[in-house]
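This report goes through a structure from one chain's fold to the contact between chains, and then to the packing around selected residues.

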Amino acid sequence: MLGIIGATAAASTLDLLAWSPPGWGANLLRGLLNSILIATGAFWLGAAIGICGAYGKLYGGPVLRDLLAVYTTVVRAVPELVLILILYYAGTDAVNQMLVALGYERIQLSGLAAGIGVLGIVQGAYATEVLRGAILAVPAGQIEAARAMGMPPVLLARRITLPAMLSFALPGLANLWLVATKDTALLAVVGFAELTQETRQAAGATKAYFTFFMAAGVLYLAISLGSGLVFGRLEAWARRGQPGVGGASK
Amino acid sequence: MRALLQPHRVVMLVLALALVVWCVLNLRWDWLPKYLPMIGQGIWRTIWILVVTTVLGMALAVPLGLAQAVGPWFLAAPARVFCTVIRGTPLLLQLWLLYFGLGSLFPQFPWIKDSSLWPYLRQAWPYAVLALTLSFAGYEGEVMRGAFKGVQRGQLEAARAMGMPRLTILRRIWLPQALHRALPTLGGEVVLQLKATPLVATITVVDIYSVASRVRQDTFIVYEPLLLLAVVYMAITGLLVLAFRWLEHRVPARVA
């Protein structure tokens, strides 16, 4: 029912999606590019925080462990929207106070940097838990064997732990990547020109709400389905040489 | 209790307490009494939306999960498409599509404008409830699919062998066991749903988030309302986690 109404409403306004100025296609794609940039940046920042956090939680001292527990608990209990606002204001404030203290001018933090930073911190909390579980799933004997051979810790992480945990971590990381792409939409609330915000502007200007929101939905869906395929491949690659689950080797 | 009494934790607790005291004394809270009734209403509305959308969403998720787990292809395929679309697009976009899209479409039809539902359709909350319900149903449909499939075949075969009608099997055997399996996941998903509720503020529903934004706009105080907001959400999350832990303990589980 909804689809039929949407389709009939959309058919008449489809040329609004054209690339050049009467159409808003270029704006939408620019928004899409911004969304992907932020999601990618936030995902990698989150993964970096996650690796440090997971190692901290597993091998750190009691104080570090408790602090990390507070970090992951608080970030996972407070809505992303609230965190984005808090970190956005507090982050800009902190950067400016630091700059002023060092004798520089105040700056306006760019939306891109702030978005990546904020979403990265949110992603980091979830990634910490994902990677901690994945590291725990690596057979202890492998790590012990490497240690017994006198491998230094960093080399051990790079050669043994991280590659071995990858196949356990990838499903969780794939999920996090999808969350990252969808969370970029929240930056629309702070006014950053990512896909949802651009869509809303285009829709508001032309009153063709269905057309634009549906088009943006298709773009988001394409990202999800596309990354699903990529992560499926990656997982198969990371699992190469491992026995298949339940006997069936894929 | 003993876990809290380790020396480093005592120090950290004291530090945390000092931080709280500093926040209470040094930040501006003079706006609080004036906005207290609004804050109460906002919290009430957030919880109301959370409860209504999770209950309705769950009611939709059970048939969605069933259709995907054992349904014929003409039921399974649409259910899978629905779940994929809901899970593949941001909730904010769905919410705005329903509110702005449907909201701009409805006035074009005279029979909708004349119907007795119109006074409700002109408000924002039905769209908020609809969007959040559909979103919860989409995510939980996937969870319930796994849960329905995970119930042991022998249980269902035994029930069938006893001559139980199919609906009774569903009601007495299949659904309870599937729900029990899914309970830990569902607990996490309800917390995620709580964290999705502030989005309704973007379509003018006055929940606790929107009250905090209002305070920010009225008084130009930035951090204090946001801090209060974070504390409120953490408190509700804590209550939800406790409630689900209690629920899980009520059902005896045999750990092999």
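## Fold of chain A

In chain A, 74% of the contacts with a separation of 6 or more are between residues 24 or more positions apart. This is a predicted model. The secondary structure of chain A consists of nine helices and zero strands, and its elements, read from the N terminus, run α-α-α-α-α-α-α-α-α. Chain A has 250 residues, of which 42% are buried.

## Interface between chain A and chain B

Chain A puts 39 residues into the contact and chain B puts in 36 residues. About 3400 Å² is buried between the two chains, and carbon and sulfur atoms give 79% of that area. On the side of chain A, the residues that lose the most area to chain B are A:D66, A:K182 and A:F213, which together make up 16% of what that side buries.

Two salt bridges are found across the interface of chain A and chain B. A:D66 forms a salt bridge with B:R9, with 2.5 Å between the closest N and O atoms. A:D66 is also one of the residues of chain A that lose the most area to chain B. Between chain A and chain B, eleven residue pairs are in polar contact, with both residues at pLDDT 80 or more.

## Elements on the side of chain A

Five elements are listed here. Helix 1 (2-12), helix 3 (62-77), helix 4 (80-101), helix 8 (195-206) and helix 9 (209-238) of chain A each give two or more residues to the side that touches chain B. Helix 9 of chain A provides the largest share of that side, ten residues. Sorted by class, the side of chain A that touches chain B comprises 30 nonpolar, three polar and six charged residues.

## Nonpolar cores

The largest nonpolar core holds 100 residues, and the members that touch the most others are A:V82, A:F213, B:W96, B:M144, B:F148, B:Y209 and B:L229. Helix 9 of chain B (residues 166-196) gives the most to this core, twelve residues. A further core of 22 residues lies apart from it, and includes A:I135, A:L156, A:A164 and A:A174.

A:V82 can be followed into chain B. Neighbours within four places in sequence aside, A:V82 is in contact with B:Y209, B:L226, B:L229, B:A230 and B:Y233. Of these partners, B:Y209 and B:L229 are also among the residues that touch the most other members of the largest core.

## Two residues within the chains

A:Q123 is placed in helix 5 of chain A, which spans residues 111-137. The relative accessible area of A:Q123 is 4%, so the residue counts as buried, the limit for that class being under 20%. Residues up to four places away in sequence not counted, A:Q123 touches A:A42, A:F43, A:G46, A:L176, A:V179 and A:A180.

B:F82 is placed in helix 3 of chain B, residues 73-88. With a relative accessibility of 25%, B:F82 counts as partly exposed. Leaving out residues up to four places away in sequence, B:F82 touches B:L64, B:L134, B:A137 and B:G138. From B:F82 to B:E157 the separation is 75 residues in sequence and 30 Å in space, taken from C-alpha to C-alpha.

Key. Residues numbered from 1 in each chain as written. Chains lettered and ligands numbered in written order. Predicted model: local features only at pLDDT ≥ 70, side-chain atom pairs only at ≥ 80, totals over all residues. Heavy atoms only, no water. Contact = heavy atoms within 4.5 Å. Buried area = accessible area lost by both parts, 1.4 Å probe. Salt bridge = Lys/Arg side-chain N within 4 Å of Asp/Glu carboxyl O. Polar contact = N/O pair within 3.5 Å; in protein donor to acceptor, adjacent residues only side chain to side chain. Helix = DSSP H or I, 4+ residues; strand = E, 2+ residues; numbered from the N terminus. Nonpolar A, V, L, I, M, F, W, Y, C, P; charged D, E, K, R; others polar. Core = buried A, V, L, I, M, F, W, Y, C linked by side-chain atoms within 4.5 Å. Buried < 20%, exposed > 50% of the residue type's maximum accessible area, 1.4 Å probe, protein only.
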